Every structure is written in C-alpha cells, then in structure tokens.
Amino acid sequence: MREISSTDNRMIKLCQQLAHRKYRDKLGLYLIEGENLVDEAISEGADIETVLVREGYDGLPSCLEEKAFWIKDGLFTRLAQTDTSQGILAIVRKREFSQATWMEKGALGNFVVLDRLQDPGNIGTIIRTADAAGYSLVVAMKGTADVYSPKVVRAAAGSLFRVPVVLINDNEELISFIKAAGGKLVATCFDTDRYYFEEDLTENVALIIGNEGNGISPDLIENADVKVKIPMTGAIESLNAAVAAAILMYEKVRASGSWENVTKKPMA
C-alpha cells in the first residue's frame, strides 16, 4: 500500500480543501469517516475515489486496497473529523441528480423539502428519517446548509448513499417542479384547523420543513395545497425541525399500514 508522510502531498491538501463547501461544490467530492460509513458506501455502490487509513489500521476492505494510502498517525489525526477516529477516511464523489432525471422516473413518491435549514444535525437527521420512512427524495432549497458537510454526513448515517438530493434555487422553481410531477405541497402552520393525521399524507407529498428560526417561507405557505399542524400542549409553540419532520413523515407509514412489510431491524 502507498504511504503518505508529508503535509505537501496532494491527497492531504485535497482532504483539507474538502472541509470547505466551496471545494466540495467545485470538485463534486466529499469526505466520509468511520468503518460503518465506508461499509455502507461500498454496499450502496457509492463512487469511492480514494481511501486514507491511519498507519497500522487493519480493517481495510479488500475491494479498497488499490485506492488506499497509509497515513502517518500524527498526520491522520490532523485530517480526522472526529475526536476518536476509527482510522479510516474516504473521498466520495457526489451523486448527480437533477429534476429532469427525477421526472424521467415517472413516479413522484413522497419527498421532503428543506427550506433554508441551517443546523447540520437537523439536516442529517431528516435525511436519515426520510430514508427510514420511505421518502424517495430530498429537495434542498437555496440557502440550506450543505448536505455534504461532515456533520450532515455523519448525522445522515449512510442515508445520503440511498436518498437522492436535488437542489432547487427558488420557490417558483419548486412549485413548478411539484405541479409537473403531480404532487401536493404540504406545509405546517398555525393558520389551519387541520391536524396532520386528518389529511392524507401517504402519496405524492412534498413536505416542507422550514428554517429553524423563521419557519417556512410565507410564499410557500401561501402556495401550499395542504396546511396542517401538530398538536401540542402547554406553552410549547414549536418543535425541533427534525422532530416535526419525523412525526409528519411517519404519517405515511402509519396511515398506509406499511409497517407490516418492514423488515425488523435493531434500533440504533
């Protein structure tokens, strides 16, 4: 296996660049770290370009040996994105997925719209929950934090390899996309008497999750086909974005009875 011991090596510099969004956008690459993520990337057929392992690491899958580099311990520690790294990093190419590609599939399914969300933990958790609840697409509106940032990638726990992400620039473009696909735009707001379980959220739903501080864009609320709310008691006015998203997305599972066909897996 090839060895890297200098900070001037191009692979080291590339990893350092990929800590920043502008380089992830420019190069179409991002970083993953840890054995579980690397294993999931392999099983889902992700395009792994390069693997960097700490010197002495003994868990490298044989299929990645030709793409791997040994990294001196001190140098690897400088690249690691976590305090207790398992000793393996990989550079992965983003999946390119456009609106046109999605429309060619001929079936909308349910998808979640991230309307200018900023918290990486929320974004990653929503992507992971969308995967678990059977949502087939994530739309990231312009102004949303990068879905390929290290914190989002960790929180998504492998779901980025399975759930396509489409970037949309503005509300008009989103509304046109939904109408062309025959879907219905669903928004949560206070200006409604309908609870989420009183509406059919099982099929062709575009569920909007709004910015943590400002909520859903007023323009999107105005153009929503369905407006719902989540019942809350006491003095609570709102829920965490990821929690609200989970409640609403799992209405698909509850109302359709699709849990009967779910393979039982241990909870993580």
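Reader: Is N204 buried, partly exposed or exposed?

Author: N204 is partly exposed, because its relative accessible area is 31%. Here buried means under 20% relative accessible area, exposed means over 50%, and partly exposed lies in between, with a 1.4 Å probe and protein chains only. This is a predicted model, in which local features need pLDDT of at least 70 and side-chain atom pairs count only at pLDDT 80 or more, while totals for chains, interfaces and linings use all residues. Residues are numbered from 1 along each chain as its sequence is written, and side-chain values use heavy atoms, with hydrogens and water left out.

Reader: Where is N204 found?

Author: N204 is in the loop between strand 9 (184–188) and strand 10 (205–210). Helices (H or I, at least four residues) and strands (E, at least two) are DSSP runs, numbered from the N terminus.

Reader: What is the phi of N204?

Author: The phi of N204 is positive, at about 50°, although N204 is not a glycine. A157 also has a positive phi, near 55°, and is likewise a residue other than glycine.

Reader: And where is the place of A157?

Author: A157 lies in the loop between helix 7 (150–156) and strand 8 (165–168). With 24% relative accessibility, A157 counts as partly exposed.

Reader: How far apart are L18 and N204 in space?

Author: From C-alpha to C-alpha, L18 and N204 are 35 Å apart, and 186 residues separate them in sequence. L18 sits in the loop between helix 1 (10–17) and helix 2 (21–27). L18 counts as buried, at 1% relative accessibility.

Reader: Turning to the strands, why is strand 5 largely enclosed?

Author: Strand 5 (residues 88–93) has five of its six residues buried, so it is largely enclosed by the rest of the structure.

Reader: Which strand pairs with strand 5 over five bridges?

Author: Strand 2 (residues 29–33) pairs with strand 5 in the antiparallel sense, over five bridges. Two strands pair if DSSP finds at least two bridges between them. Within this pairing, Y30 stands opposite V92 of strand 5. Strand 3 (residues 48–54) is also joined to strand 5 by five bridges, and these two run antiparallel. The bridge partner of V51 in strand 5 is A90.

Reader: How many salt bridges are there in the whole structure?

Author: A search of the whole structure finds 13. A salt bridge is a side-chain nitrogen of Lys or Arg within 4 Å of a carboxyl oxygen of Asp or Glu. One of them joins K72 to E3, with the closest N and O atoms 3.8 Å apart. That pair links distant parts of the chain, 69 residues apart: K72 is in the loop between strand 4 (68–71) and helix 4 (73–79), and E3 is in strand 1 (residues 2–4). K72 is partly exposed at 33% relative accessibility, and E3 is partly exposed with a relative accessible area of 47%.

Reader: What about D25 and R21, where do they both lie?

Author: D25 and R21 both lie in helix 2, four residues apart, which is about one turn of the helix. Their side chains meet in a salt bridge of 3.4 Å, N to O. D25 is partly exposed at 44%, and R21 is partly exposed at 36%.

Reader: Which side chain meets R24 in a salt bridge?

Author: The side chain of D146 meets R24, at 2.7 Å, N to O. D146 is in the loop between strand 7 (137–141) and helix 7, and R24 is in helix 2, so the pair ties together parts that are 122 residues apart in sequence. D146 counts as buried at 7% relative accessibility, and R24 counts as buried at 3%.

Reader: Which residues are linked in a network of salt bridges?

Author: The network links E40, E44, D131 and R162.

Reader: Moving to the surface, which residues form the nonpolar patch?

Author: F190, M232, I236, L239 and V243 form it, with about 480 Å² of accessible area together. Patches are made of residues with over 30% relative accessible area and no salt bridge, where like charges are joined within 9 Å and nonpolar side chains (Val, Leu, Ile, Met, Phe, Trp, Tyr) within 5 Å. Accessible areas come from the Shrake-Rupley method with a 1.4 Å probe, and for residues only the protein chains shown count as cover. F190 is in the loop between strand 9 and strand 10, and F190 is exposed, with a relative accessible area of 69%.
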